[in-house]
Amino acid sequence: MKEKTPSWISRSMIQKAIKEGKVRVNGQIKKPSYKLKEGEIVEVELPEEPKEPTVQPEKIDLKILYEDRDIIVIDKPGDMIVHPVPSKLSGTLVNAILYHCSDLQGVGGKLRPGIVHRLDKETSGVIVVAKNDLAHQNLSRQFKDRKVKKTYILLAKGRIKEDEGTVELPLARHPVLRVKMTVSEGGKEAVTHYRVLKRLNDVATLVLAFPQTGRTHQIRVHMKSLGHPIMGDKIYGKYKEDEMFGIKRQMLHALKLGFFHPRTGEWMEFVSPIPEDFKEAIRKIAAYVRERT
């Protein structure tokens with residue numbers, strides 16, 4: 001049936017139509033397990049074709065670290081989605097960028113114009129956006145070839161014993177909970193180097209992370225695999241426990257981003273200052289540690 005229906009009809013839509021009695025064989029409703037015989041006529045009640053979502057420019061304040069005719073580098077706050085999804089088409093970084101750069105529409109796709117990499121909603125820090133096709137293609141290639149240098153700072157739960165290390169564990173989408181990623185032998189290669197900056201007794205560890213690859217939730221899953229999830233992480237951590245330090249989001253910040261300028265080839269690096277809520281969490285944990293010792 002999938003081959004005989006319009007391309008926008010998915011297998012799951014067909015399965016749902018069968019269960020709801022919207023598929024008839026020779027005029028009769030059949031069970032989902034019914035096997036078609038040669039010559040039988042199948043009728044399907046098709047739903048209306050959904051309209052393709054569009055993204056509108058919105059006047060949203062942006063903290064711009066750098067901008068020229070090819071790229072714009074933004075300091076993303078820790079409560080903003082990078083690009084729209086079908087359930088949320090406004091209030092994203094892309095909506096704001098479209099307002100700021102009126103000719104960005106269509107660069108690299110309708111829902112993700114200009115986007116060459118992403119940060120999770122609750123991850124703050126540096127992100128670069130391409131303003132034309134030349135920049136989009138060049139930066140995308142640099143990310144694919146792993147020429148882009150990324151540095152994150154994070155607060156991990158507990159005390160990490162090693163001063164530095166590397167996590168090399170492949171990642172794949174969780175087979176049941178699709179919003180999660182998980183370590184899987186059949187997953188994609190993922191490598192994260194890390195270095196401890198400071199230990200706050202046995203409560204938390206301040207860490208620099210240097211992801212060599214760019215898989216979804218990579219640093220979050222790799223830190224969890226060490227037994228030290230990122231504090232405030234609502235998917236992989238124990239965020240309820242971390243709320244006692246005023247932590248309301250995952251303590252992961254994209255501190256520095258380095259890449260070759262797509263037109264000039266010049267190496268460029270951009271730094272985003274550690275945000276105030278991150279600093280406040282460190283202060284509260286340090287005060288808690290002092291009270292206990």
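Cavity, pocket and buried parts of a predicted model

Student: What volume does the largest cavity have in this structure?
Tutor: This is a predicted model. Searching the whole structure turns up one cavity of 30 Å³ or more. The volume of the largest cavity is about 30 Å³.

Student: Which element gives the most residues to the lining of the largest cavity?
Tutor: The lining consists of His117, Val126, Lys150, Tyr152, Ala254, Lys256 and Leu257. Two elements give two or more residues to it, strand S7 (149-157) and strand S13 (252-260). With three residues, the largest contribution comes from S13.

Student: How many residues in the lining of the largest cavity are charged?
Tutor: Among the lining residues are Val126, Lys150 and Lys256. Sorted by class, four are nonpolar and one is polar, and the number of charged residues is two.

Student: How much space lies in the largest pocket?
Tutor: The pocket is lined by 42 residues, and Arg118, Gly214, Arg215, Thr216 and His217 are those nearest its centre. Elements that give two or more residues to this lining are helix H3 (133-144), S7, strand S9 (171-173) and helix H4 (218-225). The space in the largest pocket comes to about 1,400 Å³.

Student: How many residues in the lining of the largest pocket are nonpolar?
Tutor: The lining has 42 residues in total. Of these, twelve are polar and 13 are charged, while the nonpolar ones number 17.

Student: Why is helix H2 largely enclosed by the rest of the structure?
Tutor: The buried residues of H2 are Leu93, Val94, Asn95, Ala96, Ile97 and Leu98. Their cover includes strand S5 (71-76) and strand S6 (124-130). Helix H2 spans residues 93-100 and is largely enclosed because, of its eight residues, the number buried is six.

Student: Which residue has a side-chain oxygen that reaches a backbone nitrogen at the start of H2?
Tutor: The backbone nitrogen belongs to Val94, one of the buried residues of H2. The oxygen comes to within 3.3 Å of that nitrogen, and it belongs to the side chain of Thr92.

Student: Is Gln250 buried or exposed?
Tutor: Gln250 sits in the loop between helix H5 (239-242) and S13. Leaving aside residues up to four places away in sequence, Gln250 touches Asp120, Glu122, Thr123, Arg220, Ile230, Met231, Gly232 and Asp233. A residue under 20% relative accessible area counts as buried. The relative accessibility of Gln250 is 2%, so this residue is buried.

Definitions and conventions. Residues are numbered from 1 along each chain as its sequence is written. This is a predicted model: local features need pLDDT of at least 70, side-chain atom pairs count only at pLDDT 80 or more; totals for chains, interfaces and linings use all residues. Side-chain values use heavy atoms; hydrogens and water are left out. On a 1 Å grid over the protein atoms alone, a cavity is a set of points where a 1.4 Å probe fits but cannot get out, and a pocket is an open set with protein on both sides within 12 Å along at least five of seven lines; lining residues have an atom within 4 Å of a point. Grid points are joined across faces, edges and corners, and a volume is the space filled by probe spheres set on the points. Helices (H or I, at least four residues) and strands (E, at least two) are DSSP runs, numbered from the N terminus. Ala, Val, Leu, Ile, Met, Phe, Trp, Tyr, Cys and Pro count as nonpolar, Asp, Glu, Lys and Arg as charged, and the others, Gly among them, as polar. Buried means under 20% relative accessible area, exposed over 50%, partly exposed in between (1.4 Å probe, protein chains only). Contact means heavy atoms within 4.5 Å. A polar contact is a pair of N or O atoms within 3.5 Å; within protein, one must be able to donate a hydrogen and the other to accept it, and residues adjacent in sequence count only if both atoms are side-chain atoms.
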